[in-house]
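Dear colleague,

I am passing on the structure below, together with an account of what turned up when I went through it. Please read the notes with the structure open beside them.

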Amino acid sequence: MGRQACRVLVFAACCALLQPVAFAQDTAKGRTLSFGYRFVQTSGEELFANICQGCHMPDGAGATGAGSYPPLAVNPNLESGAYPISLVLNGRRAMPPFGDRLSDEQIAAVVNYIRTHFGNDYRDRVTARDVQDARRKEDRK
Amino acid sequence: MRENAQIIRRRDLLSLIGAMAGSSAMYHAMTSLGFAAESRYAGPIRLEGDPKGASVLILGAGLAGMTAALELRNAGYKVKVLEFNARPGGRNWTLRGGDRFTELGGFTQTCEFEDGLYINPGPWRIPYHHRALLDYCKRLNVALEPFIQLNHNAYLHSSRAFGGSPQRIRAVQADFRGQISELLAKTTKQGKLDEAVTREDQEILLQALRSWGALDSNHNYNASLISAESRGYTRAPGGGLAAAPTPSDPVALSDILKSRLWRYLQNFATYNFQTTMFQPVGGMDMIGRAFAKQLPDIIRCNARVTGIRQNERGVTVSYVDTASPAAPLTATADWCVCTIPLSILSQLPLQVGATMKAAIDAVPYAGAVKIGLQFKRRFWEEDEAIYGGISYTDLPIRQIAYPNTGFNRSSRGVLLGAYMFEGANAYEFTAMPPAERVAAAVDFGSAIHPQYKSEFETGIAVAWHRVPFTLGCSGDWSDEARAEHYRNLCQIDGRIVLAGEHASALPAWQEGAILSALDAIGRLHERVVRT
C-alpha cells in the first residue's frame, strides 16, 4: 500500500516536471530527438543533421547504390528558393513529403541552411511566409 | 427469421457441394460465400498451356522475383534473373556474426554476434493468414517456429507515466479492461443505459462485464484474488505453509487513461498481428536461401540495371557488373518481370507508357530503422521472466523485441533494441552514424532494462533509407496516390510487368511481394499462351 502511494507521488511529481518540457528527448551526443510524427528541431543546421543528411549525407554529397540520392552540395537547382521549398513540402518520386511533419518556419530554416552551405551561396533568404504561400498554391491545385 | 433461413440454405448448399465435389471444392465455395476469406492465395499457381519457348528476364531476386522465376521456370519458360546484391533474397535478409554491411555513404559495420545469434533487419514475422508465403515455406522445406507478438509479461513503457517505470502488459491490459468494466457496470446499475439496452440484456451485460473485467460480486474492480488472476499477484501462489497468494493493487482508471499506455494494446489486436505468427528457424533469410537453391544458374548477382527498353519483339535490359561498372552489358528476353523497388526504378531510363511512369513516380519510400544488440546474458529471461515478445515504449527506440528462440539458456542473447517505422525517430536515427545509433539504443533501452549498461557487448544498426539496394524500407502509398495510380502500376505495359510489395495491397509484407508476383505472371502467361 505504501509503495503504491509512493508510486503515485513520484508519478505526480514527474508530471509536474515534464509538463513544460517540449516533447523531445536528448541523446548522449547532444541530439534532441522528437516524440512523435512531427520533428522538434528548429534551426536549419539541426534539421539538416536529423533529417536531410540521412539520405543526402552529412557533407551534402548525396550517395549512389542501385539508385542515387542527388547531392545538395554545389547544386544549381537551389538557385530559386521555391524549388527546395516545394521538394521539402511535397517530396518527389521516392523522397517523402515533409509538409505535415514540419512547420513553415522549420522548412524555411532548413532551406536557408542548405542554400548557404555545402558550396551553395544563395544569400536571398526564404521566409516562413514563402512556405505558407507554397502550401496555399498546392492546396489550390 | 429471414437471416436464419438464409444461413440454413447456405449450409445445405455447402454440404451438398462437400458431398459431391470434395472438401477442397467446398472450401473454395465457402471462400466465395464469404466465410473463410482470410487470404487471396488459392493454392499453387497453375500455368497451363505451352509457353512455346518464350523467355522472361526477371529484375531483382527478392521474394517477388524468385517466386516469378520459380513458377515460370517450372511452367517451361526460359528464365534469367538479374540481382544487384552479391546475394539473392533482397529485403528477406538476416545479419549474423561475421557479416559485413556497407550502407550508403560508405559507413561499414561488421556484425560481431556470437555464432547462432542474428537479427532480421527487414521482415521478421509472418501472420498465419499469409497463406502464400506459408505455402512456399512448406514447399521449400523452411522450418518455422512461433513469433511471439504478445507476451503478457513484456512491458509497456511511457517516459511520462508511472515515474518512467515500465508496466507489465498483463497489468495494463487487465486494469484497462477492469476499470472500464466497473464503469460500465456502474452506469448500467444506475439505469443510465435503460434507453439503449433492454432490462434482460442489462442482466447479461453485467454478467459479461464481471467475467471479462475480473470484477467482484458487487461489480467492483479492486485488489482481490479475482483481479489478481488477470493482473498478477504481489505474492504468487506458493507451496507449503505460506502458500496463500496476495493480490496486487490495480491502477486507477484516470492513471491508466493519462498514461496513454492503452494505445499500444492495438499492437496485439489488429489483424496483421493476431496470433499465431511465425518466423523461420535460424533467420528470415532461410526463405530466400531456399528459393535460391531451387534456381541454380538462373540468378546473376552483382548486376546493376542501368536501363530497360522494349519494342514489339522483346525487352532489352542494360546493366553493369558492380565489380567492373565501366563495361556495359545487355540481356534480352521476350518478356520482363521487373521487381526493382520504385525508389530505384523511378530513376532508370525505362520505356513504358506515361501512366505507368506516373505511377512509378508517385510512391515515396518509408524510413525504418532496426538495431540488434548482443548482451552477455539473457537477463530479460533470467531477471524479468520475459520469454520472447515485444515491449513498447514512447522512447525513440519505440520497441524492444526479445528473441523467440533459444529460451532459458545460460548464454548470450541478441535483442532487437530498436524498431522505428516512419515516425520522426526513424529519420533521426537514419541521420546518425551507425555507431551512434547503437549507442543511443543502449542508452534509451537502459531506461527500461537497467541491465543494459553492464551486459551490453556489441550491436549493429540498419537504417533502410541508407540501404543501397532499396533506398528505403517499402513503398509508402498515400490513399490518393493509390486511387489514382495503383492500377496503372500493375498493368502489363507492352512486354513489361512490375511486381513486388509496392504492387500489392500488403505494403512492406513479404506476402504482398509473393501475391503480386503470382498475379503478374498469371496475367503474363495468359498473354503468352494466347498469342
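Two strands are said to pair if DSSP finds at least two bridges between them, and the helices (H or I, at least four residues) and strands (E, at least two) are themselves DSSP runs, numbered from the N terminus. This is a predicted model, in which local features need pLDDT of at least 70 and side-chain atom pairs count only at pLDDT 80 or more, while totals for chains, interfaces and linings use all residues. Residues are numbered from 1 along each chain as its sequence is written, and chains are lettered from A and ligands numbered from 1 in the order in which they are written.

To begin with the sheet, strand 1 (residues 55–59) and strand 2 (residues 78–82) of chain B run parallel and are joined by 5 bridges; within strand 2 of chain B, B:K80 is the bridge partner of B:L57. These strands belong to an open sheet of 5 strands in chain B, with the order 14-2-1-18-24 and parallel pairing. Its edges are strand 14 (299–300) and strand 24 (496–498) of chain B, each of which pairs on one side only. Helix 17 (residues 510–530) of chain B packs on this sheet, touching strand 18 (335–338) and strand 24 of chain B, and its direction makes about 170° with that of strand 18; such angles run from 0 to 180 degrees between N-to-C directions, with axes fitted as lines to C-alpha atoms, for helices over the stretch in contact.

Two residues are in contact if their C-beta atoms, placed from the backbone, lie within 7 Å. Leaving aside neighbours within four places in sequence, B:V337 has contacts that include B:V56, B:I58, B:V497 and B:L524. A residue is buried if 20 or more other C-beta atoms lie within 10 Å of its own, exposed if 12 or fewer, and partly exposed in between. A nonpolar core is a set of buried Ala, Val, Leu, Ile, Met, Phe, Trp, Tyr and Cys residues joined through C-beta atoms within 7 Å. The largest such core has 169 residues, and B:V337 and A:V110 are among those with the most contacts inside it; helix 17 of chain B gives the largest share, 9 residues.

As for chain B as a whole, its secondary structure comes to 17 helices and 24 strands, and 47% of its 531 residues count as buried.

In chain A, helix 4 (residues 104–115) is mostly covered, with 10 of its 12 residues buried. The buried residues of this helix, among them A:V110 and A:Y113, pack against helix 2 (44–56), helix 3 (82–90) and helix 5 (128–140) of chain A.

Where the chains meet, 40 residues of chain B and 37 residues of chain A take part in the contact. On the side of chain B that touches chain A, helix 13 of chain B supplies the largest share, 5 residues.

Finally, some backbone details deserve a look. Most residues other than glycine have a negative phi, and most peptide bonds are trans. A:F118, however, has a positive phi near 55°; A:F118 sits in the loop between helix 4 and helix 5 of chain A and is buried, with 21 other C-beta atoms within 10 Å. B:N141 has a phi near 60° but is exposed, with 9 other C-beta atoms within 10 Å. A cis peptide bond, with omega about 5°, joins B:T275 and B:T276.

With best wishes
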